[in-house]
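Thanks for coming, everyone. Let me put the structure up, and then we go through it piece by piece.

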Amino acid sequence: MKKLGVLTSGGDAPGMNAAIRAIVRKSIFHGLEVVGIERGYSGLIAGEFREMNLSSVADIIHRGGTVLRTARSETFRTPEGRGKAAQNLRAQGIEGLVIIGGDGSFRGAQALSHEFGVRFIGVPGTIDNDIPCTDYSIGFDTAVNNVVDAINKIRDTATSHERTYVVEVMGRNSGAIALDAGLAGGAETILIPEIKVNLDEVTEKLWRGYQRGKLHSIIVVAEGAGSAMEIGKAIKDKTGFDTKITILGHIQRGGTPTAFDRTIASRMGAMAVDLLMDGQDNKMVGIISGQLKDFDIDYALSQEKNIDKSVYELASILAI
Ligand code: F6P
């Protein structure tokens with residue numbers, strides 16, 4: 001193999017730049033040419049290619065977002081769009097693609113591979129941490145730290161005003177961010193889509209805390225578990241507590257990636273290059289118990305990513 005391409009796709013995730021840097025520099029170390037594809041699959045279809053060299057990835061390891069930019073492409077969902085993408089790859093002489101993104105991006109790559117024989121390796125990059133076959137995806141750790149930082153700040157004002165706060169966090173259909181940030185932030189209650197909780201249980205817990213003299217509470221709600229606005233209103237109606245709602249939104253996705261995210265991004269990015277050089281493709285890399293692994297993409301995408309319910313139980317016990 002002489003030339004590979006790299007792109008980032010779907011929602012950006014802090015640490016994607018560290019992965020791009022690793023892919024580019026590991027490729028150059030092995031004497032390969034690397035092409036950066038801008039704006040994910042949209043750029044692949046539109047032919048937005050640029051040669052990458054050592055200095056194209058200088059001074060980016062500590063930056064959030066993605067220097068290659070990203071997009072969610074509707075055209076790529078069509079066979080015609082994927083056909084154009086495959087044609088552009090051939091025209092550029094790109095023999096293998098590294099795709100940094102979430103499961104939607106991997107499914108797109110899977111179709112490109114099945115239909116047009118495009119060789120690719122997926123590197124998991126999403127704050128949601130909802131990709132099977134890896135303990136962590138790039139960006140999750142930073143997002144959790146962003147949320148904990150926000151909860152710390154909310155706690156100061158919640159304590160001062162003796163208020164109840166409902167804090168909505170991202171995660172799409174996954175409660176992973178809410179769970180880890182809720183535990184680390186000492187939330188009284190964590191609501192996640194994976195575990196159904198009756199709102200009466202939430203208000204009863206708030207009452208029990210109130211009777212013990214607890215005058216403020218923080219409830220972390222994963223966006224997939226329901227609307228923070230509605231939950232906050234219901235809590236206020238049922239308890240009469242002064243209840244505020246904070247939707248953290250895209251702030252969770254930005255900022256300097258943690259050392260952990262930079263480390264896993266560097267390791268997984270470099271491994272993706274090694275796999276392509278070794279003649280392997282149609283795979284994703286993952287990190288399990290600290291070890292790099294690779295999985296066939298068809299297998300990986302047929303698996304489910306589950307949260308650790310014991311963490312949820314522990315958070316409930318500790319937030320008594
Ligand atoms: O997948 C990452 C994510 O941040 C989700 O947690 C969230 O639901 C979604 O992307 C938001 O998408 P957008 O940035 O397009 O609003």
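Patches first: a patch is built from residues with over 30% relative accessible area and no salt bridge, joining like charges within 9 Å and nonpolar side chains (Val, Leu, Ile, Met, Phe, Trp, Tyr) within 5 Å. Before I use that, the ground rules. This is a predicted model, where local features need pLDDT of at least 70, side-chain atom pairs count only at pLDDT 80 or more, and totals for chains, interfaces and linings use all residues. Residues are numbered from 1 along each chain as its sequence is written, and side-chain values use heavy atoms, leaving out hydrogens and water.

Now the nonpolar patch on the surface. Its members are Leu 183, Leu 314, Ile 317 and Leu 318. Together they have about 370 Å² of accessible area. Areas come from the Shrake-Rupley method with a 1.4 Å probe, and for residues only the protein chains shown count as cover. Helix H11, residues 309-318, gives the most to this patch, with three residues. Helices (H or I, at least four residues) and strands (E, at least two) are DSSP runs, numbered from the N terminus. Leu 318 sits in H11. Is Leu 318 buried or exposed? Exposed, because its relative accessibility is 58%. The cut-offs: buried is under 20% relative accessible area, exposed is over 50%, and partly exposed is in between, with a 1.4 Å probe and protein chains only.

Next, Glu 188. This residue is in the loop between helix H6 (176-185) and strand E7 (189-191). Glu 188 counts as buried, at 8% relative accessible area. What does the side chain of Glu 188 make a polar contact with? The side chain of Lys 214, at 2.9 Å. A polar contact is a pair of N or O atoms within 3.5 Å; within protein, one must be able to donate a hydrogen and the other to accept it, and residues adjacent in sequence count only if both atoms are side-chain atoms. A polar atom of the Glu 188 side chain also lies 2.7 Å from the backbone nitrogen of Ile 218. Leaving out residues up to four places away in sequence, Glu 188 touches several residues, among them Lys 205, His 216 and Ala 319. Contact here means heavy atoms within 4.5 Å.

On to the ligand. Residues around the ligand include Arg 72, Thr 126, Asp 128, Gly 171, Arg 172, Glu 223, His 250 and Arg 253. Near means one heavy atom of the residue within 4 Å. A ligand oxygen is 2.8 Å from an N or O atom in the Arg 253 side chain. Alone, the ligand exposes 390 Å², and the protein buries 74% of that. At Gly 171, a polar backbone atom is 3.0 Å from a ligand oxygen.

Last topic, salt bridges. We have 17 in the structure, each one a side-chain nitrogen of Lys or Arg within 4 Å of a carboxyl oxygen of Asp or Glu. Arg 172 pairs with Asp 128, closest N and O atoms 3.9 Å apart. Arg 172 is in the loop between strand E6 (164-169) and H6, and Asp 128 in the loop between strand E5 (120-124) and helix H5 (140-161), so the pair ties together parts 44 residues apart in sequence. Arg 172 is partly exposed at 44%; Asp 128 is buried at 10%. Elsewhere, shared partners join Glu 38, Arg 39, Glu 48 and Arg 50 into one salt-bridge network. Within it, Arg 39 and Glu 48 meet at 2.3 Å, N to O.
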